[in-house]
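This briefing is for a reader new to the structure shown below.

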Amino acid sequence: MNQQEANRRMEEEIQFFPWFVQNYFRKKSGDQYSSITLYEYAKEYRRFLNWLIQEGFSSADQ
């Protein structure tokens, strides 16, 4: 996967995250972080946020 593809996938991944998580990823994408690394981080955030919802720690929709 190239950097452009990873950046596109990351943007797709974070579009349903809370605003503050989106801001974090967009800030980090301007720093010296690889788009591929950020995409992998985004997938882990999604898993974590879904777990919070499934376990009842959050009332957000999936």
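Which residues make up the largest nonpolar core? The core has nine residues: A6, M10, I14, F17, V21, F25, L38, Y39 and A42. Here a nonpolar core is a set of buried Ala, Val, Leu, Ile, Met, Phe, Trp, Tyr and Cys residues joined through side-chain atoms within 4.5 Å. The model is predicted, so local features need pLDDT of at least 70 and side-chain atom pairs count only at pLDDT 80 or more, while totals for chains, interfaces and linings use all residues. Residues are numbered from 1 along each chain as its sequence is written, and side-chain values use heavy atoms, with hydrogens and water left out.

- F25 touches M10, I14, F17, L38, Y41, A42 and Y45, leaving aside residues up to four places away in sequence; contact means heavy atoms within 4.5 Å.

**Helix α2**
- The end C-alpha atoms of α2 are 17 Å apart, which agrees with the 16 Å that its twelve residues should span at 1.5 Å a residue; the expected span is 1.5 Å times one less than the number of residues.
- V21, Q22, F25 and K28 are the buried residues of α2, where buried means under 20% relative accessible area, exposed over 50%, and partly exposed in between (1.4 Å probe, protein chains only).
- The packing partners of the buried residues of α2 are α1 and α3.

**Helix α3**
- The 20 residues of α3 should span 28 Å at 1.5 Å a residue, and its end C-alpha atoms are 28 Å apart, which agrees.
- Buried in α3 are S35, L38, Y39, A42, K43 and L52, and the buried residues of this helix pack against α1 and α2.
- At the N-terminal end, S34 caps α3, with a side-chain oxygen 3.1 Å from the backbone nitrogen of I36.

**Residue S35**
- S35 has its place in helix α3 and counts as buried because its relative accessibility is 14%.
- S35 touches Q3, A6 and N7, again leaving aside residues up to four places away in sequence.

Technical notes. Helix = DSSP H or I, 4+ residues; strand = E, 2+ residues; numbered from the N terminus. Polar contact = N/O pair within 3.5 Å; in protein donor to acceptor, adjacent residues only side chain to side chain.
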